[in-house]
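Subject: Structure handover and findings

Hello,

I am passing on the structure we discussed. Please look it over first; my notes follow below it.

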Amino acid sequence: MTGTATERATGAPAQERRLVTALPGPRSQALLERRRAVVSAGVGTTLPVFVERAGGGVLVDVDGNSLIDFGAGIAVVNVGNAAPRVVDAVQAQVADFTHTCFMVTPYEGYVAVCERLAEVTPGSYEKRSALFNSGSEAVENAVKIARHATGRQAVVVFDHAYHGRTNLTMALTAKSMPYKHRFGPFAGEVYRVPMSYPFRDPEGMTGAEAAERALRQVEVQVGAGNVAAVLIEPVQGEGGFVVPAPGFLPAVSAWCRENGALFVADEIQTGFCRTGDWFACEDEDVVPDLVTTAKGIAGGLPLAAVTGRAEVMDAVHAGGLGGTYGGNPLACAAALASIETMRELDLAGAARAIGAAMLPRLRALQERHPVVGDVRGRGAMVALELVRPGTLEPDAETTQRVARACHAEGLVVLTAGTYGNVLRFLPPLVMPEHLLEEGLGILEGAFAAL
């Protein structure tokens, strides 16, 4: 094991940035050669350093480098990469049993996770949940449930949306490269309408006006009576951390109620305290009929869920939902421990504090560098959109240059956006303040060096 004496003694990585080699280091480079020999080239990598340990706000690679983590495994490890409660719960469960299949012989952990989901998800109505393995599975099953419960076929989604990589969820996703290119044909009865995108919408367009624009298109091109569900990320993720204008989500939700369609909130990236609320819908008191969750639910173990109104979820016939590994007992143990950690540490409050620290620094960066066209986000889900100065023309090239400069200095950042011109920041919600400040300093240095 590499690392300091303290790290070797405790097993916990020191909360510091430490570069002892250029990145990637020699051991990572050797592993990269092994990877090339056996792993499909279709599986991409943002930064080819091989991680040996992680926790708090750092990733420690096999060469002993300690990197500041502004990615959190794409918003997965909200509670940290090795949260003590999660570690203890998983270790205890793995000693008891790893699998029976809930559809064959059930176990309490699955039921307990569904009980917690009924407590923490938006809405005071009676709820039911079904557990799955991934966000794509959750979204696909939400569509199945909506179609079954309503007897309708059409699903409405939005520009810049990302909902997954299965065949149906690729149809729901907006971006072609790399997600859809040459993977068709895709599932039908999916209709795309304009999203509220304040930075790119006509100046002064309100959320209500943006909703009217989208819903008029639905009524003309699809027909309100044919819509089973309107599926939306309350804050878009891969599409560029697009935060719709106030009033947009409430208007869409109200239209669904009036027209017998289900409002489905894809909270896979936004859920579990990421945006400063337990769920992003809560910012405008929007109550979805169905909500999909994954990513932050289980501290890094694969688990996903669809939670919604009891009468909708129970409309599906017995055996119509499920899967061999869905609600695996290890993942359920991790989820229960993660939710308890979020409550105990008030990680929603921590996300708000992270946003309060980041947004002023990012706005000051925007003032100094005209390439930064927009600063946006909520809680610990914030982003910069880069454009050619004085225009709305996306600048993906500079976005990549900044990301590479951050990586070289030991700061893990991610890119996103329909046009590849968004830098997105998703620090773990347990990140120490000093690492957050240091990471922002590295980002500022990358822009200063342009």
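Please keep in mind that the model is predicted.

Glu385 is buried, its relative accessible area being 0%. Arg200 is partly exposed, with a relative accessible area of 22%; the cut-off for buried is under 20%. Glu385 also forms a salt bridge with Arg376, where the closest N and O atoms are 2.8 Å apart. Arg376 is buried, at a relative accessible area of 8%.

Other salt bridges

How many salt bridges does the structure hold? The count is 23. One of them joins the side chains of Asp395 and Arg388, at 3.2 Å from N to O. Asp395 counts as buried because its relative accessibility is 3%, whereas Arg388, at 33% relative accessibility, counts as partly exposed. Elsewhere, a network of salt bridges links Glu115, Arg116, Glu119 and Arg343. As background, side chains of opposite charge can pair when their charged atoms come close.

The chain as a whole

The chain contains 14 helices and 15 strands. Its radius of gyration is 22 Å, and a compact globule of 450 residues would have a value near 22 Å, so the two agree. Along the principal axes, the C-alpha atoms fill a box of roughly 60 × 60 × 45 Å. Of the 450 residues, 55% count as buried.

Among contacts in the chain with a separation of 6 or more, 73% are accounted for by residues 24 or more positions apart. The chain exposes about 18100 Å², and carbon and sulfur atoms supply 53% of that area. On the charge side, there are 38 positive and 49 negative charges, and their mean positions are 5 Å apart.

Leu303 has its place in the loop between strand E9 (290–293) and strand E10 (304–309). Is Leu303 buried or exposed? Leu303 is buried, with a relative accessible area of 2%. Not counting residues up to four places away in sequence, Leu303 touches Val113, Leu131, Phe132, Asn133, Ala294, Lys295, Ile297, Ala298, Gly327, Ala331 and Ala335.

Glu397

Glu397 is found in helix H13 (residues 396–408). Glu397 is exposed, with a relative accessible area of 53%, and the cut-off for exposed is over 50%. The C-alpha atoms of Glu397 and Ala357 are separated by 27 Å, with the two residues 40 apart along the chain.

Backbone points to check

The bond from Met177 to Pro178 is cis, with omega near 5°, and Pro178 is found in the loop between helix H7 (167–172) and E6. The bond from Gly184 to Pro185 is cis as well, again with omega near 5°, and Pro185 is likewise in the loop between H7 and E6.

Which residues have a positive phi without being glycine? Ile74 is one of them, with phi of about 60°. Ile74 has its place in helix H3 (residues 72–75) and is partly exposed, with a relative accessible area of 35%. Asp285 is another, with phi of about 55°. Asp285 lies in the loop between strand E8 (262–266) and E9, and is exposed, at a relative accessible area of 67%.

Regards

Technical notes:
Residues numbered from 1 in each chain as written. Predicted model: local features only at pLDDT ≥ 70, side-chain atom pairs only at ≥ 80, totals over all residues. Heavy atoms only, no water. Helix = DSSP H or I, 4+ residues; strand = E, 2+ residues; numbered from the N terminus. Rg over C-alpha atoms; globule rule 2.2 N^0.38 Å. Buried < 20%, exposed > 50% of the residue type's maximum accessible area, 1.4 Å probe, protein only. Contact = heavy atoms within 4.5 Å. Areas by Shrake-Rupley, 256 points an atom, 1.4 Å probe, with all protein chains shown as cover. Lys, Arg positive; Asp, Glu negative; His and termini not counted. Charge placed at Lys NZ, Arg CZ, Asp CG, Glu CD. Salt bridge = Lys/Arg side-chain N within 4 Å of Asp/Glu carboxyl O.
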